[in-house]
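Please read them with the model open beside the text.

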Amino acid sequence: MSPYTTSALKAELNERGWRLTPQRETILHVFQNLPKGKHLSAEDLYNLLQSEGESISLSTIYRTLKLMARLGILRELELAEGHKHYELNQPYPYHHHHLICVRCNKTIEFKSDSVLKIGNKTTRKEGYHLLDCQLTIHAICPACQRALLPM
Ligand SMILES: [Zn+2]
Ligand SMILES: [Zn+2]
């Protein structure tokens, strides 16, 4: 896995017959500047761009997010809310996994070398090229466990 700079993305897109349009570049920049631990849904991204005076239609955003996820540039996450969230697919040592509370959606990012090792080993064995490897743990956080206790 390699870090996604604008020029790397441009090269990757060109190689597959796509162009880095200004809209795609704008979307990439949002993800590059996202604070650690933040994940955006298509609607989040749409609202964020609107507030910055960028008018990119929701359908373009959906298509662009799907494309970038397919290319391994973005990660598509199934968080507890039921709709998809996205974040930059970052290489080691930023590569991380998610622990999600299914009741309040509190999400904790954690690192695990062993998960990445399994991903690397398995892909290499089968002759695949690793794009991403992530572990999502669905659980109930301490606060929600307390709330669930009988009175
Ligand atoms: Zn994350
Ligand atoms: Zn919770």
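1. Helix H1, residues 6-15, is hardly covered, for the count of buried residues among its ten residues is zero. Here a residue is buried if 20 or more other C-beta atoms lie within 10 Å of its own, exposed if 12 or fewer, and partly exposed in between, with C-beta atoms placed from the backbone. Helices (H or I, at least four residues) and strands (E, at least two) are DSSP runs, numbered from the N terminus. Just after H1, Gly17 takes a positive phi of about 80°.

2. This is a predicted model, in which local features need pLDDT of at least 70 and side-chain atom pairs count only at pLDDT 80 or more, while totals for chains, interfaces and linings use all residues. Residues are numbered from 1 along each chain as its sequence is written, and chains are lettered from A and ligands numbered from 1 in the order in which they are written.

3. The protein has six helices and five strands, and from the N terminus on the elements run α-α-α-α-β-β-β-β-α-β-α. Its C-alpha atoms fill a box of roughly 60 × 45 × 20 Å, taken along the principal axes, and buried residues make up 15% of the 151 residues.

4. The axes of helix H3 (residues 42-51) and helix H4 (residues 58-70) come within 10 Å and cross at roughly 125°; axes are lines fitted to C-alpha atoms, for helices over the stretch in contact, and angles run from 0 to 180 degrees between N-to-C directions. H3 and H4 are therefore oblique to each other, given that angles under 35 degrees count as roughly parallel, over 145 as roughly antiparallel, 65 to 115 as roughly perpendicular and the rest as oblique. The contact is made by Ala42, Leu45 and Tyr46 of H3 and by Leu58, Ile61, Tyr62 and Leu65 of H4, where two residues are in contact if their C-beta atoms, placed from the backbone, lie within 7 Å.

5. Leaving aside its neighbours within four places in sequence, Leu45 is in contact with Ile27, Val30, Leu40 and Ile61.

6. Asn105 lies in the loop between strand E3 (97-101) and strand E4 (107-110). Is this residue buried or exposed? With 12 C-beta neighbours inside 10 Å, Asn105 counts as exposed. Asn105 and Ala139 are 34 residues apart in sequence, yet 9.6 Å apart in space, C-alpha to C-alpha.
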